[in-house]
Structure formats: C-alpha cells, structure tokens
Amino acid sequence: MTRSLRQSGYAIDCVKNGQEADTALSTQEFDLLILDLGLPKLSGLEVLRRLRSRASLLPVLILTAADSVEQRVNGLDLGADDYMAKPFALSELEARVRALTRRGQGGGSTVVKHGPLTYDQVGRSAYINEQMLELSARELGLLEILLARTGRLVSKEQLVDHLCEWGEEVSNNAIEVYVHRLRKKIETGGIRIATVRGLGYCLEKYSGAAPADVK
C-alpha cells in the first residue's frame, strides 16, 4: 500500500503501532491519515479519539476487517471520514485518498485554475493553455502546495514536510532545484514563483503580466 501511494507521488510516513501514530499526529502536519484499527500498543480507535480530542480536522480513512461492523460504526462515530474493509483493491484506495484529500483542502471543483495554468487534482496533471506539462512527482507535489497557498509564503521547512518522508535527507539545495525546475516549466505562461530569500517561496497571484526573471 505504501509503495503504491509513493509511486503515485504521495509522501508517506508509515508507523508500526498506535503510540508512534499518536506521537506523529501530535507533532507533525499531514494531509490524510490512513488508520488501521488493529494496532499494537494503542488501538486505532484510541488514536482516532485522541486526534479528535485535539480538535484536529485531519481527514481519516480507517481500515477494518470485513466482518467488523461494530468497529466501523465506532470509528465513524469517533469522527472518521470514510472506511475500507479488507481486503481491498489498491485502485479503490487511491480513489478514496484523492477524494479525502480534496475534501481536506475545502472540496469543490477538482480542477484548479491559475491564469493559463490548469491543475487537475484527480488526474494529477497540469496544463498551460491546454498543453500538458511534463512534471515529476516532486514537481507536481510542489505545484499543489503552492497553488493551495497562492499569494502566501511557503517556507522550505513546510515544503520538506509535505514533499518528503521521515528519515529522507533532503537539503535546502534540493528544494531549490525542484523550485527552479518547476519555475522554468510554468513561467512561459506568465506565472511567477517568487523567492523570499532566507524564508521560502510564494506563487504570486496571476496578473497577466509578461514573465520575468524572478530571483
């Protein structure tokens, strides 16, 4: 499951028990929690209860055994957003992940427009003037983050948290490379990613002005 989601361009942090899950959820920001209820050390339902007691609105997809109707009901009552009974197809899992992450970002249309740039959140594809851009998984992830925060500063630390996994060594230089590559591919449409030195990056609101060299 982890391998499949990573191949689709998601950054995945996987923990082995409920205590590690609770610690991770208390100290990090995530876009989605996929929660198996049969966890050692701390049950999945207790992880969920603690998460919601902190007033977290994080979308939660719970995984249960096919015959555990009571667990599914308890999970939904505690604030889970969706559930899947095992076994399940990976294609269905990815469809649920796409739906829940969209909901976590405010729902609505699955297509984001920014001037001549169109981004399809479901198909994870980007176009400028209806011509598809060839973007790597990291570049797509970077574009998603910047589009969700148009006009606002995004720090390098925030980019690392969203694009990379625990234990993955990613330098600030690597983030700069990803931004540079993405910038070159979208600036032809007059779309600007501004660098705020020492702080991070900002996808500027589209003005329709001609592209310029942004430092």
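Biologist: Which residues line the largest cavity?
Modeller: In this predicted model, the lining of the largest cavity consists of His 114, Gly 190, Ile 191, Arg 192, Glu 204, Lys 205, Tyr 206 and Ser 207.

Biologist: How do the residues of that lining divide?
Modeller: Three are charged, three are polar and two are nonpolar.

Biologist: And what volume does the largest cavity have?
Modeller: Its volume is about 40 Å³. A search of the whole structure finds one cavity of 30 Å³ or more.

Biologist: Turning to the largest nonpolar core, which residues touch the most other members?
Modeller: The core has 24 residues, and those with the most contacts to other members are Leu 117, Leu 142, Leu 143, Leu 159, Leu 182 and Ile 193. At least two residues each come from strands S5 (117-120), S6 (125-128) and S10 (200-203), and from helices H6 (137-148), H7 (156-163) and H8 (172-186). H6 gives the largest share, six residues.

Biologist: What does Leu 117 touch?
Modeller: Leaving aside residues up to four places away in sequence, Leu 117 touches Val 112, Ala 126, Tyr 127, Ile 128, Leu 133, Leu 143, Leu 147 and Ile 191. Another core, of 14 residues, lies apart from the largest one and includes Leu 25, Leu 45, Leu 48 and Ala 80.

Biologist: Now Thr 118: is it buried or exposed?
Modeller: Thr 118, in strand S5, counts as buried because its relative accessible area is 19%, and the cut-off is under 20%.

Biologist: With which side chain does the side chain of Thr 118 make a polar contact?
Modeller: The partner is the side chain of Lys 113, at 3.3 Å.

Terms used:
Residues are numbered from 1 along each chain as its sequence is written. This is a predicted model: local features need pLDDT of at least 70, side-chain atom pairs count only at pLDDT 80 or more; totals for chains, interfaces and linings use all residues. Side-chain values use heavy atoms; hydrogens and water are left out. On a 1 Å grid over the protein atoms alone, a cavity is a set of points where a 1.4 Å probe fits but cannot get out, and a pocket is an open set with protein on both sides within 12 Å along at least five of seven lines; lining residues have an atom within 4 Å of a point. Grid points are joined across faces, edges and corners, and a volume is the space filled by probe spheres set on the points. Ala, Val, Leu, Ile, Met, Phe, Trp, Tyr, Cys and Pro count as nonpolar, Asp, Glu, Lys and Arg as charged, and the others, Gly among them, as polar. A nonpolar core is a set of buried Ala, Val, Leu, Ile, Met, Phe, Trp, Tyr and Cys residues joined through side-chain atoms within 4.5 Å. Buried means under 20% relative accessible area, exposed over 50%, partly exposed in between (1.4 Å probe, protein chains only). Helices (H or I, at least four residues) and strands (E, at least two) are DSSP runs, numbered from the N terminus. Contact means heavy atoms within 4.5 Å. A polar contact is a pair of N or O atoms within 3.5 Å; within protein, one must be able to donate a hydrogen and the other to accept it, and residues adjacent in sequence count only if both atoms are side-chain atoms.
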